[in-house]
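Take a look at the protein shown here.

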Amino acid sequence: MLEKSIQNNGFHELETLRDLLHQQNTYIWKWDFEKELIELDELFYQKLNIKRDIENLTAQILSLVHVQDKLKWLRFIVSLRKSWDIQNFELRIKDASNKYIWFRLTTQNTDDTPARMGLILDITKDKKHISQYEDHNKKIIIKNEILELKNKEIEKANQQLIVSEDRFLSLSRIVNQAITIIENNKIVFVSDRLAQITGYPIEDLYSMKPEDLIAPGETSTKVPFEDGQIEGYEMNFWGFTKNGERKYFSNIFYTEKNSGKPNYKFIITTDRTKEKIQNELLRNNEMKLKATLESLQKYIIVIDSKGFIINYYKPSSLKHFVFESTLQLIGKHYTDLPLPEEFIERILDTTIKVQNEGKSKTIEIPLEVKGKIRWYYVNISIRYSTTGQNIGWTLVMDDITRIKATEMQLKNREAQLFSLINHFPDIVCLKDNENRWILANKPLLELYGIKNKPYLLKNCRDLSQLYPENKSIYSKCYETDIQAWHAREQIKFDMTFDMPNETPRSYEIIKVPLFDNEGNPTWLIMLGRDITNRKKMNQELKIAKDNAEKADQLKTAFLTNMSHELRTPLNGIVGFSQLLKNNLYEQHEHDEFVGIIYDSSNLLLSIINDIIYLSRMETGQISFDIKPVNINELLKEAFSSYKRQYHHKEIKLHLEFPRAPREIIIDTDKIRLHQILNNLVANAYKFTKKGRIDISVDFDEGHKNLIISVEDTGIGIPKHYHSTIFERFRQVEEGYSREYGGVGLGLAISKKLTEVLGGKIKLSSEPQKGSKFSVILPYIQRPFEIEAYQKVPDIEFIKNKRVLAVEDDAGSYLLLKSIFQNTGCKLLHTKNGKEAIELLQQDSKIDLILMDMQMPVMDGLEATKQIKAMTSHIPIIAQTAHAFTNDREKCLEAGCDEFITKPIRFNELFSAMYRIMVNGKMEV
């Protein structure tokens, strides 16, 4: 009722009631649920001599509570926090005089107030009176027990005095120990039990000593003892019985000393074989248990039902732990462990849960040890007696800092691995032995159409229900899973996936089943690679192979034709050259022979140039000189050449320009464009027996492109050949090639050159009506101007110049000598690079050197390097039959200032000399 009155009237308003309670050594306590703090009477603080520190009040009182009552106080605080019902209880608290005072804590369990209240009663005097009364009763009980024991001892002594010899003999037969009595060193009595233990007859034992039973190779141990008037020793050993059974005998020798009676010696023999074996087994088990505990590396604490530590185990090799190795724990309350309060509270809370639920629980706690954070694992379990009663708890503590670090590393590695496989272009999937999906990377999920729905622990049949649009894919996947398990080895197959708004994708799938050591299925790995491009490539390779085979056939035909085409002009050159040697012909015949030789030479050079251009195009070694070119002049010069060249047949040549007020000038390569035009005109002339060949120039709409067309009235080209006529070694038909000749390279070279110049070639043709080839080039309008270096230079600049020709071939030197005849130039000659260097050492007044590259003794490259090292002001023009781009680069790197190819054309030679001797620069 006091508690109820306090709660109804308030804690601070009933001063009279408070005084009344204080007179009875009773104090008021209150718990605030919002602040989770306990408040006490000021007089109670004074009684305990503690400060009024509300926040640390719980810890202050815990330090003053008797060690056996700490758990009560902690449970009281936990119950206040959890709003559990609190039963009245008693505990001891140390007061200001350092003496323990008994208090009874009462409470009123109500839920209709924001606080809980109760009384703290000082019951020390009551406890003292009760204790004195109990002590008095105990003394009386003890005295009665002592008197009763003495009476029993007197009664027992009387019974022993009346025991007869027969009773002694009967007793000796019943007890487990065998008795031997020796009087004056002679055995006077042996109990039947010794015969049972040793297997020897009684009559034999009277003449035997205990040492006679020791097994060969065994030793006995003697342990002396003395107790009042009795002395003796204990001797234990392994021995054999009469029938050879091995036993462990324990013999105790008793002798009475200074008794004044006859000298008696008693031997008590016990069969301790089972005990010995059990002890050894127990010792082995203890060693195994110790080894097991040592290997576990765990700190084990055994606590009784009151919270006191009754045993503990710490592995000897344990280095890092929260307790010092010298700390003695037995007898301490677990709340006195040197652990932070929050640690103790967590253990307390967990212990309460374990007791309520009857199941062990585990907690993980971080602690600071020697300046570093270490993680500890604590397992709390109930200890039960053989009758099933709760007799305490077991705390298993383990330092799991490394495990925590390893977990973090594993999580990081798992995240890295998952990130890695997600970035694989290949698909990856891991399934368990029931074909359930465990892991899949992003490309696989996208391929199988899995988006936001979960896939873990589902097989392909489950997923086919979630994604019915891909049912066929999942059915195939499930079937191949079964095939892989049955095959017990890797299987490989192809699958095609229909992609939305994309072309179907083909994948090569590999499934690998894994088994444990006993052959049981464990995991199934699925890998897949996109082989769409590979399949496409294989198809393209097949087409390329077919084309290569066709090309090989064409090449064979080309070689046959080329042999014919090369031998035809060579026949004219060689044949008419032999006729010229005889000097038997008139001048007009002589001139005709020279003309045939010249035309045959040009034809042969054209064929060789086509082959060289083809090789250079295949290796990407074509060089271009883009400059402003006057198309009007180019076509006029070409047309004049064509009229002289193509006058044998009944063919009319016609050139037509657009009606334009000015000349047509574009940026292009004049030589390459001339080559394209030559090929087209030569092709038209070859396949036209009579009629006309028209060369025309025009523009498309808007004047964006220039169109140069060559149209003939020849045999024409069937439409199905239009796509292949520009391929190398290709002609319309073999019959045509046999009739018309040629190697089939002109159109292929022309198409390639036109494309490099930024244009294209267009064909329109009908059989027996003729063909029209149109070269379409980009056109940018320019004013009419032609740079000076496009014109053939005046050769007056070489008059009185000294030119050294380094040439080992007599015919080539004779040609140079003929070219420079009547020019006013002095031509010097050496046959190799070494002679040229020796000449320059004697005569350094040389204006120009024409250097052949391929010579004996010292080639042109080495000679150029040494000459440039001697005197760098003399220009050198390289002349060589090697016409590839890398040959030009080699010559320029060696120090040459210009580069021309053989056979030498007069205009090219004089233009090169003009550029480096007059302009002082070379043509790039």
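## Contacts and overall make-up

Among contacts in the protein with a separation of 6 or more, 53% join residues 24 or more positions apart. The model is predicted. Its secondary structure comes to 26 helices and 33 strands. The protein has 924 residues, and 40% of them are buried.

In soluble globular proteins, nonpolar side chains tend to be buried together. Here, the largest nonpolar core holds 54 residues. Leu-40, Trp-73, Phe-76, Ile-93 and Ile-301 have the most contacts inside this core. Helix α5, residues 70–82, gives the most to it: seven residues. A second core is separate and has 41 residues. Ile-666, Ile-676, Leu-680 and Leu-753 are included in that second core.

Now zoom in on Trp-73. Which residues does Trp-73 contact, leaving aside neighbours within four places in sequence? They are Thr-58, Ile-61, Leu-62, Val-65, Leu-91 and Leu-105.

## How α5 packs on α11

Helix α5 also packs against helix α11, which spans residues 341–357. Their axes are 11 Å apart, and the angle is about 80°. Angles of 65 to 115 degrees count as roughly perpendicular, so α5 is roughly perpendicular to α11.

Which residues meet here? From α5 come Leu-71, Leu-74, Arg-75, Val-78 and Arg-81. From α11 come Ile-344, Glu-345, Leu-348, Asp-349, Ile-352 and Gln-355. The residues of this contact divide into six nonpolar, one polar and four charged.

## Aromatic pairs

The structure holds 18 aromatic pairs. Two of them are set out below.

| Pair | Arrangement | Centre to centre | Between the planes |
|---|---|---|---|
| Phe-44 and Phe-103 | edge-to-face | 5.5 Å | 70° |
| Tyr-467 and Tyr-474 | stacked | 6.4 Å | 25° |

Phe-44 lies in helix α3, residues 42–48, and Phe-103 lies in strand β4, residues 100–107. The pair therefore ties together parts that are 59 residues apart in sequence. Are Phe-44 and Phe-103 buried or exposed? Both Phe-44 and Phe-103 are buried.

Tyr-467 and Tyr-474 are both buried. These two tyrosines also belong to a cluster linked by ring pairs. Its members are Trp-437, Tyr-448, Tyr-467, Tyr-474, Phe-497 and Tyr-507.

How values were computed: Residues are numbered from 1 along each chain as its sequence is written. Side-chain values use heavy atoms; hydrogens and water are left out. A nonpolar core is a set of buried Ala, Val, Leu, Ile, Met, Phe, Trp, Tyr and Cys residues joined through side-chain atoms within 4.5 Å. Buried means under 20% relative accessible area, exposed over 50%, partly exposed in between (1.4 Å probe, protein chains only). Helices (H or I, at least four residues) and strands (E, at least two) are DSSP runs, numbered from the N terminus. Contact means heavy atoms within 4.5 Å. Axes are lines fitted to C-alpha atoms, for helices over the stretch in contact, and angles run from 0 to 180 degrees between N-to-C directions. Angles under 35 degrees count as roughly parallel, over 145 as roughly antiparallel, 65 to 115 as roughly perpendicular and the rest as oblique. Ala, Val, Leu, Ile, Met, Phe, Trp, Tyr, Cys and Pro count as nonpolar, Asp, Glu, Lys and Arg as charged, and the others, Gly among them, as polar. Rings of Phe, Tyr and Trp (its six-membered ring) pair if their centres lie within 6.5 Å; planes under 30 degrees apart count as stacked, over 60 as edge-to-face and the rest as tilted.
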